Amino acid sequence: MKRFPCLVRQLVAAILLSLLLSNNANSQSVLRWGADPSGGAPYVFTDPANPDQYIGYEKEMVDALAQAMGRKAEFVPSDWETLMSALQRGSFDVIVNGFEPTTDRAQQVSFSKPYYIFQLQLTVRRDDTRINSLADCKNRVVGTLGNTAASRYLQQEGIPFRTYADPIGAYQDVELKRVDAALMDVPAEAFYARNNPKLRPAGEPFLNGLYVVGLRKGDDTLKAQVDAAIDHIIVDGTLERILKKWNLWNNAQVEFQNTIRSGNKPEIAGYVMTNSTFNWREALWRLTRAALVTVLLAFGAMIIAVVLGMPLAVGQSMGPSWLRSVCTIYVEFFRGTPVLVQLLFLYFGLPAIGLTMPGWLTALVGLGLNYAAYESQVYRAALEAIPRGQWEAAYSLSMSPVLSFRRIILPQAFRIALPPMTNDFVSLFKDTSVAFAISVWELATAYRELANASGQFLLLGVAVSLFYLAMSLPMAHVARLLERRLRERSTRQEEAVEVLAA
Amino acid sequence: MISVNGLRKRFGTTEILHNITFAVPDQTVLGIIGGSGSGKTTLLRCLNGFERVSGGSIECGNIKLEANLSPKEYRHRVKKLRLQVGTVFQHFFLFPHLSVVGNIVEAPVHVLRAAKAIAEKEALELLESVGLKEAALRYPESLSGGEQQRVAIARALAMRPAVLLFDEPTSALDPRRMASLRTMLRGFVGKGHTMVIISHSLGFLEGLADNLLYMEQGDLVEFGPTDQVLNSPIDPRTKDFVAQAE
């Protein structure tokens, strides 16, 4: 028995040593690349047949690039909206994620040579005859991914659009008529929409753009290596093979790769570069609109919560046993599962049984149902805090149970419940931010998208915080006034009596 | 006239009241005495329907509560009974969110559908009769125990009950206030009320109750005119209790 701890110590030392060594070796020969794999087909995504592995044409391409550079590719799963900041923080060395060079991005990162020519494709419902080109979308809403060539193009053209975190959500909302069309890069469109019998392409692909590798500014050695590797896999036909395998080979690629192979530089000027136009006036206007949505969500959800919470509380504390169980199950379900999961379920799950709500309504109802569970517990505690004697006093005066509840118990319980209700309302204000998961343009979504588009995380963050405070502080103030009024009523009445007597 | 016949009350398998029989003639006062846990309060709670009788019957006016009634019929009769029986609880249970007047007019306005102005006028008269007119607009929390009790009495009286039940009305009072309460309650008899009063204070009941009922461990030990129960009790247990109380 004495030998055992010694053995463990040796084992730990060995593991630590090997970790140290492998770490050292890795930094020499590893190419860490970042991309967003969620809904990321065909770029990089989780292999459905083998869920702990990633596949995709860019995955294969980076493997080839790394091999050409004498390195080993290591994928760092990340989030599309924060790719550039993650790159700058050093979470990985390069961005390879269908990344388009734009002037605003150029201020934050540098770009490699292009490796792919992409186009945009508009998709509509198969039975929708109104839309045949983007020009038909002037007064409709188009779904797309946030901070992409497509979203920038829509913004430039002044077409209303809603942004999604992945193509699946956008195409599903086209099907469910939550949006009228979706605009995506052709690779995503080919993978997610082209074989969907409920959807059809509207018009031809348009706008030739470029995909490049994104690098940290000043990482010039790495940039030279990446550029050389891109040339290498184009010239030796590796990239062509990969693109053909993924059905991404087309005339634009033929022309582009032939230019490279003949030793010429491709005419960058011939390709479109979309631009995000950011100015503070527009940003503040969009934030204001988002703030209004936040207010609508918070108030709407609170009304549902307050109204539904009461029958839940009464059912749970006074109902027959079957009703108690039903109410308890409701409360435990909504308290015990994350509100984010509930929203996703309502938004994406319910359409399966034919119940389709727009995003804002889903968020409003979802938050309302969730907070009803919390409010019911506030009410229940308040109701149970009223002494039994109050009921009996009311009954002894021949008041019916309903009358006793309404006139005697409820007003007293309300006073007890008011402070925790206020508290919940303020936290509901902030919880509206989960609505970004279902593409509702509220404050948190607005912050995320505007800040990612502009890089103004700090200033926009301050602005958004001010918006939240401007909404929650008056709320808290009103609640305090109400509480004080209830508390001070008796003293004020006494003063009134004194005045009368004088 | 309240008549109680062979009343039994069980909680689960434990019998709290055993075969209680007595009557309270109209416009008289019955005092109930006995040690803690003797069943006094349970008996009072049977009289206003808070506890359902397990055996025997209670008759009050033309309403009869019996053990074998269906729950619905029992509830129905309790509802009628309570229109005739007012209760003043030991801890008063005033409604803290309502003013003194609000406490008094609540039931007349919402149960009897009395006009608010008339109910308020009557409430002020009732307050005057209990000597609290100046407190009309105050809230219960700012009243002393004795004042709260008088509001509770006025609140019960506002429903014009024939019978008033009191649970330990003397527990929060000093001797001087006890005397003035006794005078007030005596006056109610003259106005046509019948009363049942639980009290630990034999002195308080002596000049007030027409009859006394002594209970011990759920049994009715002695029931008779106050004078007789206090001065020449039949049962030795009553004699012991009276002797110790004095």
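# Reading the two chains of a predicted model

Reader: Why is chain A called more spread out than a compact globule?

Author: Chain A, which has 18 helices and eleven strands, has a radius of gyration of 30 Å, whereas the globule rule gives 23 Å for 502 residues; the value is well over the rule, so chain A is more spread out than a compact globule. Taken along the principal axes, the box filled by the C-alpha atoms of chain A is roughly 105 × 80 × 50 Å.

Reader: How do you know that chain B agrees with a compact globule?

Author: For 246 residues, a compact globule would have a radius of gyration near 18 Å, and chain B has 18 Å, so the two agree. Chain B holds nine helices and ten strands, and its C-alpha atoms fill a box of roughly 55 × 45 × 30 Å along the principal axes. Buried residues make up 42% of the 246 residues in chain B.

Reader: How are the domains of chain A placed, and what joins them?

Author: The domain assignment gives domain 1 (116–208) and domain 2 (280–501) of chain A, and the C-alpha centres of these two domains lie 37 Å apart. Their contact takes nine residues from domain 1 of chain A and nine residues from domain 2 of chain A. On the side of domain 1 that touches domain 2, strand 8 (161–164) and helix 6 (167–175) of chain A each give two or more residues, and strand 8 of chain A gives the most, with three residues. That side of domain 1 divides into two nonpolar, five polar and two charged residues.

Reader: Why is strand 9 of chain A called mostly covered?

Author: A residue is buried if 20 or more other C-beta atoms lie within 10 Å of its own, and five of the five residues in strand 9 (residues 181–185) of chain A are buried, so the strand is described as mostly covered.

Reader: What makes strand 9 of chain A a paired strand, and which strands are its partners?

Author: Two strands pair if at least two bridges are found between them. Strand 6 (residues 109–125) of chain A pairs with strand 9 of chain A in the antiparallel sense over five bridges, with A:Met184 as the bridge partner of A:Gln121. Strand 7 (residues 142–145) of chain A runs parallel to strand 9 of chain A and is joined to it by two bridges, so this pairing also meets the cut-off; here A:Ala181 is the bridge partner of A:Val142.

Reader: Which residue takes a positive phi in the hairpin of strand 9 and strand 10 of chain B?

Author: B:Gln217 takes a positive phi near 50° in this hairpin, which has two residues between the strands. Strand 9 (residues 211–216) and strand 10 (residues 219–225) of chain B pair in the antiparallel sense over six bridges.

How values were computed
Residues numbered from 1 in each chain as written. Chains lettered and ligands numbered in written order. Predicted model: local features only at pLDDT ≥ 70, side-chain atom pairs only at ≥ 80, totals over all residues. Domains from an automatic or database assignment. Contact = placed C-beta atoms within 7 Å. Helix = DSSP H or I, 4+ residues; strand = E, 2+ residues; numbered from the N terminus. Nonpolar A, V, L, I, M, F, W, Y, C, P; charged D, E, K, R; others polar. Rg over C-alpha atoms; globule rule 2.2 N^0.38 Å. Buried ≥ 20, exposed ≤ 12 C-beta atoms within 10 Å, placed from the backbone.
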